[in-house]
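Reader: I have a sequence and a model open. Please show me how to read them, feature by feature.

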Amino acid sequence: MEGNQISGTIPPEIRNLFNLNGLGLEYNQLTGTIPPAIGELRNLQYLGLVGNNIRGIIPDPIGNLTLLNVLQLGFNKLQGSIPSYLGKCQNLMQLSAPNNKLNGTLPPQIFGITTLSKLLDLSENHLSGSIPLEVGNLKSLVQLDISRNNFSNEIPVTLSACTTLEYLLMQGNSFNGSIPQSLNALKSIKELDLSCNNLSGQIPIHLGNLPFLEYLNLSYNHFEGKVPKKGVFSNETRISLTGNEQFCGGLGELHLPACHSVGPRKETITLLKVVIPVIGLVLILLMCFIVVYTRRTKLAHKL
């Protein structure tokens, strides 16, 4: 029933369709809430409610849909937190709820759904807190989109276990710290967007070694240092670095300032700072020795 002008609410009598395998009500004019009775459709494998005006919370009984493969709730007005009961849907391959008003932190139980392989899209919400370390359990996931939320703290190093990821979209949050070196394990990655965060440090060289990376966006962070020239960095149309004031080097087309080679000079200055005081101390001790020796010699002659 996708793409019609169906209005009104989803009635609780829907529980009577207990043999239903799929329910597609996308892009209609539905209002009201998701009735808890929907959790009684134990044979449901597909539930699509995208593009309506459904409000309220995601009811806990959705966790009873243990045969569910696809759950699409995007572009509604859902509120509240993501229920941990969703972790009971151990056959779920695709979970998407973008463009809602969901808040709170991510329950670790979500990342216990190891069957999630196609998509986990929670973008354009009000979710906050850290990304649980359990995200590394999603070893077969192709696309992870948590962009434009209020997530903070560091990017979890366990993301490196998601080796099948092709799209990792984390822009528009408040992540801080540096890019984990462990992300060099994402050999399948095609698009990586970390823009509009509070990330800092230098660009890890390994990003230039990712063989399939087609687009990299690091703009509007606090990165610094030398921009590589290998891999994705060899084509200025495939990278975005705007809004990082301390970058240098890279391709000439990026029009970044040259990187000043300060390494050897800095080492020399540091060495001089150590050596000069030591020489001065040695000279002082030597003068003291000469004075003492001279006095002792004169005293010995008098005796």
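**Reading the fold**

Author: Start with the lining of the largest pocket: its residues divide into 6 nonpolar, 4 polar and 1 charged. Here Ala, Val, Leu, Ile, Met, Phe, Trp, Tyr, Cys and Pro count as nonpolar, Asp, Glu, Lys and Arg as charged, and the others, Gly among them, as polar. The model is predicted: local features need pLDDT of at least 70, side-chain atom pairs count only at pLDDT 80 or more, and totals for chains, interfaces and linings use all residues. Numbering runs from 1 along each chain as its sequence is written, and side-chain values use heavy atoms, with hydrogens and water left out.

Reader: Which residues line the largest pocket?

Author: A pocket is an open set of points on a 1 Å grid over the protein atoms alone, where a 1.4 Å probe fits, with protein on both sides within 12 Å along at least five of seven lines; lining residues have an atom within 4 Å of a point. The lining includes Ile239, Thr242, Glu245, Phe247 and Pro257. The volume, the space filled by probe spheres set on the points, is about 180 Å³.

Reader: How many helices and strands are there?

Author: Both are DSSP runs numbered from the N terminus, helices (H or I) of at least four residues and strands (E) of at least two. The protein has 1 helix and 20 strands.

Reader: What is the strand order in the open sheet of 10 strands?

Author: Two strands pair if DSSP finds at least two bridges between them. The order is E2-E4-E5-E7-E9-E11-E13-E15-E17-E19, with parallel pairing. E2 (22-24) and E19 (239-240) are the edge strands, each pairing on one side only. Inside the sheet, E13 (residues 167-169) and E15 (residues 191-193) run parallel, joined by 3 bridges. Tyr167 stands opposite Glu191.

Reader: Which face of strand E14 is covered?

Author: In a regular strand the side chains alternate between the two faces of the sheet. In E14 (residues 174-177), Phe175 and Gly177 form the covered face, Ser174 and Asn176 the uncovered one. E14 runs parallel to E12 (residues 150-154) over 3 bridges, with Asn153 opposite Phe175. E14 also pairs in the parallel sense with E16 (residues 198-201), over 2 bridges. There, Asn198 is the bridge partner of Asn176.

Reader: Which residues have the most contacts inside the largest nonpolar core?

Author: Nonpolar side chains tend to be buried together in soluble globular proteins. A nonpolar core is a set of buried Ala, Val, Leu, Ile, Met, Phe, Trp, Tyr and Cys residues joined through side-chain atoms within 4.5 Å. Buried means under 20% relative accessible area (1.4 Å probe, protein chains only). The largest core has 68 residues, and Leu71, Leu120, Leu144, Leu159, Leu168 and Leu216 have the most contacts inside it. Contact means heavy atoms within 4.5 Å. Not counting residues up to four places away in sequence, Leu168 touches residues including Leu144, Leu159 and Ile189.

Conventions:
Buried means under 20% relative accessible area, exposed over 50%, partly exposed in between (1.4 Å probe, protein chains only).
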